[in-house]
Every structure is written in structure tokens, then in C-alpha cells.
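This report describes how parts of one protein chain are arranged. Please look over the sequence and the structure before reading on.

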Amino acid sequence: MAIVIKNISKHFGSFRALDSVNLEIEAGSLVALLGPSGSGKSTLLRLIAGLETPDTGAIWLRDRNVTYQNVQERNIGFVFQHYALFKHLTVRKNIAFGLEINKVPPREVKARVEELLDLIQLTGLGDRYPSQLSGGQRQRVALARALASQPQVLLLDEPFGALDAKVRKDLRAWLRRLHQQVHVTTIFVTHDQQEAMEVADEIVVMNKGRIEQVGTPDEIYDSPATPFVMSFIGPVNVLPSNLRLFRVNGDASPDGNSQVFFRPHDLLIETSPNAAGTAAKIGYLVNLGWQIEAELILEGGYTLQAILSRPQFEKLKLKTGQQVYITPKAVKSFPQTHQLAAVGL
Ligand SMILES: Nc1ncnc2c1ncn2[C@@H]1O[C@H](COP(=O)(O)OP(=O)(O)OP(=O)(O)O)[C@@H](O)[C@H]1O
């Protein structure tokens, strides 16, 4: 294991930011810490970096207990959302900075900087100043600077958070490719589930200072361990289990005390009555071009969301106010006491 977090807790005053966190990260992996604002992602990252010390527990990097080592001793590269490059230094000088501080011979520095410029696809821009670069290019320079001294771990705190959606998307793909080339153990913090799903080999879902689940993007999406994970990782319908909708499918718990979860894509919609389907009325339709969102209203006033592909929609020819017959697929039930993420529908 490249990183082992053992039973880490961290308070700020009386506030518990991390609560008995245990985590193991394999060497060479690309891991996302995913969770809502305030869930403790940055605190965990800062503890690994050595920018904070835990109240209890230990942090191991390979076979060294680094819990009380300072930042410099840990050999870690760090990139923040608003990573200030030195404005008065060129790109080349920014990348070389750490190497020069560590008295690496000039010839080696030069070779390493050229290699990194090539890696971040900015060859030819080495003599520019940060103000002459786009936001995305600046973050790539920040990454090159973090990689210059060949850290054993790379930590990225919302590295693309301040960039616009299109640049963010390009940089995600770029980060994946970069990681395939350099293979340094990398942890990045994000509150964006799509970013985590697109980039990471493994996702650590955090909530209120605790880890809710660790798994591959497929595991997290297809087999969420808790209602929080299911509702944080994508849109979801949550309904009481005692509705007719679930009785027909035999998915209801007999006491009706649980909640049933299913994704808006996992809803079969038919226009003619059938034994399995439950009647619902279409409340509204939103055509996003590549997909169509529909609000469906059940008898009793419960509403749910369906997402249809364009071909499905064109085949069904749905209209607002129309009566349809719905059958949920891939439902999951959890006891009603669990907490949901404040996102989703
Ligand atoms: N130095 C500090 N002093 C006091 N409270 C802090 C400090 N650092 C973090 N906290 C609190 O600890 C909690 C966790 O913060 P943290 O930054 O780890 O969350 P996060 O999941 O990274 O959130 P965000 O996505 O908003 O950055 C928050 O409630 C925050 O206000």
C-alpha cells in the first residue's frame, strides 16, 4: 500500500471534521475523495500532506509512519484550486523552482523541465509568464511543478474547480492520460460526482467526516452501500415502500417502513394499460436534446422523475397530461432512518 490511514480523527475546536477514518490506497492508483462541502475531504488531504496533524490515529506512506513528520519530509506534490504560480517567474522557472531550491545540478533541472513541458503539452510556452496563459494551462503548469521533484504521492485539491465546464472536461481526460504516463499515486478532492466517475480508478465517498463507501465507479454507482451514496452519486427517486407501484413488483417490505430508491433511467414507461404497470400522469416534460426528463404524478400526489433517451421518447410520443403505465426496475430499499444527500432530484 502506498498510503495507509489508521483510525484518524480531527477536531477544530469542538467540531469533529474527521471521525475515525480508515483508508488504504494502493501504489499507482488514481483516487477521488468525493463528498459534499464540509464532509472532510480537504482536511483528510491536508493531513496526508502534513499541513495538519491528527488528534488520534496514524498515517503511513509506504512503510514509514509519517504522522508527525513535516511537509518537506514527506515528498508529496500538492496542487490547490487556486494554486498561485509565481507571477514574476516564467513557466520554465516556475517548474524548476523546487529543483533549484534543492540544489539539483542545472543541466538536470533543464532536462527535467523540458521533459515536464512536453508531458503537460506546453512545449514552446516555457518562456511565457503565468498571466500569458489560460486558466487550464496554468493548472497544468502547477501540476508539472508538483511533479518536478518526483513525489511519491500527488495530492490535488479541487484542481479544476475554478475553471469553466468545457476546460474542466478537457482537463479531466488529460489528467487520466497523464496518470497513465507517470503512474504516481494520486488523490484528488472533488464534490463533483461526474468528475470522480470520469477520472478515478477508485472513489472514496465521504459524508460528515466519515467514509461511507470505497469502490470503483461501477461499484459505487451500481451497488451503493447507503442511501447517502445512492443519492449523492446520481439522480434518484425515493418513495415509501408501501405504494402500489412496488406491491405489483413484490419489492415492498411487508411493514412498509422502508424507502425504495431507483434511478430515473430505470423506469419502464408504457402507453397502454398492463398488469405490471401502475398508472401515472405526465406532469411536465423537459427536452434537453440528448435526453428527455419527465415528471410523473402517481395517484395520491407522489411525484417521480423519469429520464428517457431520445429514441425512447420519439417511440412513445409522450405529451404533458397524458396517462401512462410505469414499472420501476433495479429498485433498492433501505430503512427509513438513513440520511440522504441533499442533491439528486
Ligand atoms: N482550520 C480550520 N478551522 C476550523 N474549522 C475548519 C478548519 N478547516 C476545516 N474546518 C471545518 O471542517 C469541516 C470540514 O472541512 P473540509 O475543508 O475538510 O471539507 P471539504 O469536504 O473539503 O469541503 P469543501 O468541498 O467545501 O472544501 C468544515 O465544516 C470546515 O468548516
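Predicted model: local features only at pLDDT ≥ 70, side-chain atom pairs only at ≥ 80, totals over all residues.

The residues that make the contact are Gly-135, Gly-136, Gln-139 and Leu-147 on the α5 side, and Val-167, Asp-170, Leu-171 and Val-182 on the α6 side.

Two packed helices are described by the angle between their axes and the distance between the axes. Here α5 spans residues 135–147 and α6 spans residues 165–182. Their axes come within 11 Å and cross at roughly 20 degrees. Angles under 35 degrees count as roughly parallel, and α5 and α6 are therefore roughly parallel to each other.

## Division into domains

The protein chain is divided into domain 1, covering residues 3–228, and domain 2, covering residues 237–335. Between the C-alpha centres of domain 1 and domain 2 there is a separation of 40 Å.

## A sheet of three strands

In what order do the strands of the open three-stranded sheet follow one another? The order is β11-β12-β18, and the pairing is antiparallel. Strands β11 (237–240) and β18 (332–335) are the edge strands, each pairing on one side only. On average, neighbouring strands of this sheet are turned by 30 degrees against each other, with direction ignored.

Strand β12 consists of residues 258–262 and is joined to β18 by four bridges, the two strands running antiparallel.

## A sheet of five strands

Another open sheet is formed by five strands in the order β13-β17-β14-β15-β16, again with antiparallel pairing. Its edge strands are β13 (267–270) and β16 (303–309), and each of them pairs on one side only. Neighbouring strands of this sheet are turned by 45 degrees against each other on average, direction ignored.

Which strands of this sheet pair over seven bridges? They are strand β14, made of residues 278–287, and strand β15, made of residues 291–298, and they pair in the antiparallel sense. As one example of a bridge, Ala-280 has Leu-298 in β15 as its partner.

Definitions and conventions
Residues numbered from 1 in each chain as written. Axes fitted to C-alpha atoms, helices over the stretch in contact; angles between N-to-C directions. Parallel < 35°, antiparallel > 145°, perpendicular 65-115°, else oblique. Contact = placed C-beta atoms within 7 Å. Pairing = 2+ DSSP bridges. Domains from an automatic or database assignment.
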